[in-house]
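Morning, everyone. I have one structure to walk through, and I will keep it brisk.

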Amino acid sequence: MTSVTNGGSMSERPRPLEITDPVTITVDGRSVEVQRGELLIDACERNDAYIPRFCYHPRMEPVGMCRMCLVEVDTGRGPALQPSCMIPTAADMVVSTTSDLVAKAQDGVLEFLLANHPLDCPVCDKGGECPLQDQTMSYGPGESRWVEEKRHYEKPIEISPLVLLDRERCILCDRCTRFASEVTDDPLIHFINRGSNTEVNTFPGDPFSSYFSGNTVQICPVGALTATPYRFRARPWDLERTESTCTVCSVGCRVTLESSRDRLLRINGVDSDPVNWSWLCDAGRFSFEATNSKDRLTDPLHRRSDGSFDPIRWSEALAAVADVLASTAPERLAVLGGARLTDEAAFAWASLAKGVVGTDHVDAQLGDGLPADVFDLPGASIDDVCRPGGTVIYMGPDPKEELPVLFLRLKHAAVRDRVRIVEVTPTATSLSLYAAASVHPRPGELAAVAGVLAGASIPDDGVAGVDAEHLRSALSVLSDADGPLTVVLGRANLAESGAVVLAAAAQLAGLPDVSFLPVVRRGNVRGAVAAGLTPGRLPGGGRLDSDTHWSSVWPTFPAAPGADALGILSAAAAGEISTLVLLGADPLSDAPDRALAERALERVETIIALDAFEQPSVARAHIVLPVAMPGEVDGTTTNAEGRVSRVRAKVTPPGTARPDWIVAVELARRLGAEWQAGTAEELRNELVAGSPRLSGTEWSVVDAATDGVLVDLSAGTFDPGPPPPVPQVDSYSLRLVLTRELYDHGEMLERSESLVGLSRTPTVGISTGDAERLGVTSGTPLVVRGERWSITLPARVSTGVPRGSAHLVHRLADSDPIALLDSGELACDVRVELA
Amino acid sequence: MPRFTPDNETIARNIVERYPLPKSATIPLCHLAQEQDGYLTTDAMEHVAELVGCTPAEVLGTASFYEMFKLHPVGRYCLNICTNISCRIVGARELLEHAEGRLGVRAGGTTADGTITLEDVECIAACTEAPALQVNYRYVERVDVEALDALIDDLRSGTGRAEEFPPHGTLGLIRQDLAPGDLANVTPPEDQTEPVWFSRNATTDSEEGAS
């Protein structure tokens, strides 16, 4: 019998399993050893007896809805048909997956399923990759006895802006509804009218607006659920696929890139056990549309004296850039950005800046992330954080907004694996519901709460605006811990300096056997830092002053440690930087000090931008080099854990755009360096050869590893420096909490036509106490006034915002509250008044 | 479209209190909403979802399973004529046809004045009293055409037998009202111990496996 797979074997395969309690069962006459209690359907698949199924999904609880997986099981009482997805294995089971009775059952189940299922496969989007179609061909009846009229429904109905439902195709397998309630806890779709008219639907006027809605399309075993970006764009047999890694955030989910006629059309999740379990968020799944955007930069541009851009040839552009680099004194040249790059491109640019030009003014982040020192803390992988029975201190951004698939993993860990989460965040987050304890310290005073968690005594009136009772309940969770303790560390609040987070980490680093998962939002910050795109560090993470390798390989070497992004912008504003290279960075939009970024870009003589889009900062550049985007570049990327995995090119970049690393290598040659590297592979191996901590991540190893390769996570020399002072509380002001949301007006989402318009309307969140004091309710317009800027927004009164804080969101609209920030301050105070 | 009135919201909160898990109160609250409005409105389902802490889709999924929850407006009286075997052989079909002609609506429809919704239902467990029908789920037995006409006249005029039937949605005229402290034998699931047979079976299983 033909073996068929369910929706692509890369996304659905039995979970990896170590057999600790073996039992012997007989499958189709063969004696095999399986884990006691694992589901029969998985045990058989692992032993080369694939059982057809529709409703069973290895990452969700079995429900036995579809009956397609019926097999004959004999446990001593004679053989009987049993649904193999509901039967745990036990010793001496005798299983037949191919007997005549099983074949008849499969035949019958399929005839039932097809009774009301339209037979219009040629016009169905799923045709060609449809489990129902495939299994009907393999196991089903040749003909139907059904002669009556089939069901008809209005088609399609929009269950969310991204997902469409054709109800007549649905076979009621419960996969999408189970996903919504079990995996994401967004049960906004449900079986309605249960009985002979059961259908999947939403509540009227309450769409399935989950950040994870695209997964339901991926797991639908028929053509009932389709995604608007892909619906009727291609046939499965015209698609070419390659496995890659998503770089939209730093979780690094494994994906397949699927293209037709050199155009990316779809991204699906791959089941990577240590990372994403086959799930993706909708931003990761659908923002590839930006790759196909008409706004892509396609040719190098040169600014004319009147301010407009002229397209020029690459040879001219590179010669012009090389001239600028050669004529700038090393200490007057700075490079910003690089989190969008592959590891190899980051290494190429780090080598160019530090080893050829000789400047250390290089930073992959824009002052909106964490200092690179966090990567010296003892590291934890996502699996370490989610290990059953463990305890987690979550001190980062709202995971559902910034690291969506990590949210799914943490939620699963808390709900299913007894992981206890102590949430230390500026406001309530999506994780609060699952946390064993939540405390919301006043921005700027995170370290004081971390100190309490690490053992400092609790004053009666509490710490950092958190009362003593809440601190004690958080502390009791930690003292009850008997499993591993991990800390998820990130920049929850853009209005709170990264130095404050670092000081908090320093406090927690004193806890016994603690390890850290540093989460930074952008895709490849960790890889860029490991490749040397951060001040004071070299490729491989070593410090500038204790180098033993790169100074001997590179033609030049930085004379002194450089400045970080905010330092670079300050220096530029003071006229100390004459050439600024932007590697996909947009300081005008993202630096947590817009006035400073404005002054810096004003003052710099030459701005060279490598970008895919004309972002606000790129519009100020003098030379613009168009570069390739994810899906167009071969290389590797490193996620927040330190997991190095391959990204692959599937389509060609538009126009003459090219990968960033080629630009760096070409420029290095033009500046006279003898650099042999001519491929991403050679760059990777050059990087690994000089970086002991990256050993084991050679190109060939990473290329062969579906789940990527973890770098050495043992602690480096962690030196947080002196703790920053605690900012004074001004009782007339509210302290600003500036967070990010998944759907914002960032350059990728703005250019993904399906995702435009999904961002929320900006509001200012205040506590119920402050709302009473001001006499306002949700919707009342309020002025948020800072020293530099002010904005009027409707109030959102919420119990999730602590008293004394005002919660705003970055980049939801053109007028962006990031303009309130002053990078010279550790926290930002604002006045909130009636408009 | 209405949510719960303040009085009913108080009752609803009391009902939620009676259960170890708030979600268990979904069906009682749907009844309460139907009692208030005669049918289950969209707003009421949203309000139920808020009170029991789930999504409106889950409330709709539950409510739409049950015939007796009406998701669209119905008349003051639901006239359910049984047309299952016992009633049919003594003339239920004729009764239904007569009612359709008399009311001017097909089974499933509501009269223009909003008084009566006529329904054709399966067995209502009154076979010994066939043919039987229900008005708002209260039985009227051994019905013939004349009795049906008289009943319809009463229901339309609101006199005579009409007084036996409270408006559609009313479950009972006496409300059970338990003070939150008066609950007995309610153990939250997380505090429940395993039944004895549960662990005994588990032991037997593993012994079998080991042999």
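A caution before the numbers. This is a predicted model. Everything I quote is computed from it.

Start with chain A as a whole. Chain A carries 24 helices and 34 strands. How compact is chain A for a globular protein of its length? Its radius of gyration is 28 Å, and the globule rule for 835 residues gives 28 Å, so chain A is as compact as a globular protein of that length. Along the principal axes, its C-alpha atoms fill a box of roughly 85 × 65 × 50 Å. Of the 835 residues, 56% are buried. Now the contacts. Take those in chain A with a separation of 6 or more: 72% of them join residues 24 or more positions apart.

Next, the domains. The assignment divides chain A into domain 1, domain 2 and domain 3. Domain 1 is written in three segments, 301-368, 525-631 and 655-681. Domain 2 covers 372-387, 399-503 and 512-519. Domain 3 is 734-834.

Look at domain 1 and domain 3 of chain A. Their C-alpha centres lie 32 Å apart. They do touch: 10 residues from domain 1 meet 9 residues from domain 3. What gives the largest share on the domain 1 side? Helix α19 of chain A, residues 594-603, with 3 residues. By class, that domain 1 side has 5 nonpolar, 3 polar and 2 charged residues.

Now zoom in on one helix, α11 of chain A, residues 404-416. A quick geometry check. At 1.5 Å a residue, its 13 residues should span 18 Å, and the end C-alpha atoms are 18 Å apart, so the two agree. Is this helix enclosed or open? Of its 13 residues, 10 are buried, so α11(A) is largely enclosed by the rest of the structure. Among the buried ones are A:V405, A:L406, A:F407 and A:L408. The buried list also includes A:R409 and A:K411. What do these buried residues pack against? In chain A, they pack against α4 (175-183), α9 (382-385), α10 (399-402) and β19 (420-424).

Just after α11(A) comes A:R418, with a positive phi of about 60 degrees. A:R418 is not a glycine. It sits in the loop between α11 and β19 of chain A. A:R418 has 12 C-beta neighbours inside 10 Å, so it counts as exposed.

Buried or exposed? A:D174 is buried, with 21 other C-beta atoms within 10 Å. Why flag these two? Most residues other than glycine have a negative phi, and most peptide bonds are trans.

In chain A, a cis peptide bond joins A:K155 and A:P156, with omega about -20 degrees. A:P156 lies in the loop between α3 (131-139) and β6 (157-158) of chain A. In chain B, the bond from B:A130 to B:P131 is cis, with omega near -10 degrees. B:P131 is in the loop between β2 (116-121) and β3 (133-135) of chain B.

One sheet next. In chain A, 7 strands form an open sheet, ordered β15-β14-β25-β24-β23-β16-β17, with mixed pairing. Which strands are at the edges? β15 (309-311) and β17 (362-363) of chain A, each pairing on one side only. Inside that order, β14 (residues 301-303) and β25 (residues 623-626) of chain A pair in the antiparallel sense over 2 bridges. A:L301 has A:V624 in β25(A) as its bridge partner.

Last, the contact between the chains. It takes 10 residues from chain B and 17 residues from chain A. On the chain B side, helix α4 of chain B, residues 56-63, gives the largest share, 5 residues. That side divides into 4 nonpolar, 5 polar and 1 charged.

That is the tour.

Conventions. Residues numbered from 1 in each chain as written. Chains lettered and ligands numbered in written order. Predicted model: local features only at pLDDT ≥ 70, side-chain atom pairs only at ≥ 80, totals over all residues. Contact = placed C-beta atoms within 7 Å. Helix = DSSP H or I, 4+ residues; strand = E, 2+ residues; numbered from the N terminus. Nonpolar A, V, L, I, M, F, W, Y, C, P; charged D, E, K, R; others polar. Rg over C-alpha atoms; globule rule 2.2 N^0.38 Å. Buried ≥ 20, exposed ≤ 12 C-beta atoms within 10 Å, placed from the backbone. Domains from an automatic or database assignment. Expected span 1.5 Å × (residues − 1). Pairing = 2+ DSSP bridges.
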